[in-house]
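Hello,

Here is the structure I promised to hand over. My notes follow below it.

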Amino acid sequence: MKFDNKQKLVALVKRDCNVEFDANMMFDVQVKRIHEYKRQLLNVLHVIHLYERIRKGDTKTLTPRCVLFGGKAAPGYFIAKLIIKLINNVAQTINADPLAKPYLRVAFLPNYNVTAMETICPATDLSEQISTTGKEASGTGNMKFMMNGAITIGTLDGANIEIKQAVGDENFFLFGAKSEQLKDIRANYDPNSIIETSPDLKEVITLIESGHFNLFEPGLFQPLLDSIKSPTDEWLVAYD
């Protein structure tokens with residue numbers, strides 16, 4: 001049943017994105033309103049990390065995955081639109097790289113809506129619910145994914161808390177700052193130190209800075225890099 005649902009999503013992604021997903025790969029999905037607190041940016045940093053592993057030949061423990069993003073940004077929300085641009089540029093680079101094809105494919109679904117969700121939700125293996133702790137009021141998309149058989153990766157925030165209680169710790173991948181830690185983290189937050197002491201994160205940031213994903217648009221993603229490196233980044237992207 002899951003495989004049939006994944007084949008339907010393969011057809012949707014091919015039609016709307018012209019990207020070839022493989023139903024035998026893990027479907028890693030984040031579809032929701034594009035907002036800094038929902039941290040699509042954090043997700044795309046992970047995608048770039050996976051791409052770096054592939055480029056280095058570190059694929060022995062890599063689970064082949066298709067990563068799907070979808071969502072809309074408010075008309076005047078510059079950073080949200082820049083995140084969409086980064087996702088699309090990263091997807092274009094990865095999907096054009098023959099080294100990546102057996103392990104990683106990425107798509108941003110345009111015009112995400114309820115009709116699309118009816119195909120996406122039952123096909124998802126891994127549900128990305130990675131908002132900054134304390135920012136998600138409740139969350140209903142995460143419930144839909146969970147009830148359709150997807151495992152959740154997420155922070156202890158919003159309805160994730162109840163989902164974790166309902167499905168058990170073994171069916172929930174928990175990460176990130178807890179709400180009781182936020183005050184202390186923000187009081188001494190130094191994202192540049194975190195980046196310098198995390199080889200994987202530093203590698204990802206360096207690749208974006210190099211212009212690898214915007215060869216003909218120099219400096220395009222600098223505002224995103226500045227936001228990650230800012231000690232006032234309330235979304236704690238570098239920390240998590």
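Thr 124 counts as buried because its relative accessibility is 0% (buried means under 20% relative accessible area, with a 1.4 Å probe and protein chains only). Please note that this is a predicted model: local features need pLDDT of at least 70, side-chain atom pairs count only at pLDDT 80 or more, and totals for chains, interfaces and linings use all residues. Residues are numbered from 1 along each chain as its sequence is written, and side-chain values use heavy atoms, leaving out hydrogens and water.

Thr 124 sits in the loop between α4 (114-123) and β4 (126-129). Helices (H or I, at least four residues) and strands (E, at least two) are DSSP runs, numbered from the N terminus. The Thr 124 side chain reaches the backbone oxygen of Ile 120 at 2.9 Å. Beyond neighbours within four places in sequence, Thr 124 is in contact (heavy atoms within 4.5 Å) with residues including Lys 2, Phe 27 and Phe 145.

Now the cysteines. The disulfide count is zero, taking a disulfide as a pair of cysteine sulfur atoms within 2.5 Å. For Cys 66, the closest cysteine sulfur is in Cys 17, 12 Å away, so too far for a bond. Cys 121 is in no disulfide either; the nearest cysteine sulfur, that of Cys 66, is 17 Å away. Cys 66 counts as buried, at 1% relative accessibility. Cys 121 also counts as buried, at 5%.

Ile 205, Ile 208 and Glu 209 of α9 meet Leu 225, Ile 228 and Lys 229 of α10.

Best wishes

Note on methods
Buried means under 20% relative accessible area, exposed over 50%, partly exposed in between (1.4 Å probe, protein chains only). A polar contact is a pair of N or O atoms within 3.5 Å; within protein, one must be able to donate a hydrogen and the other to accept it, and residues adjacent in sequence count only if both atoms are side-chain atoms.
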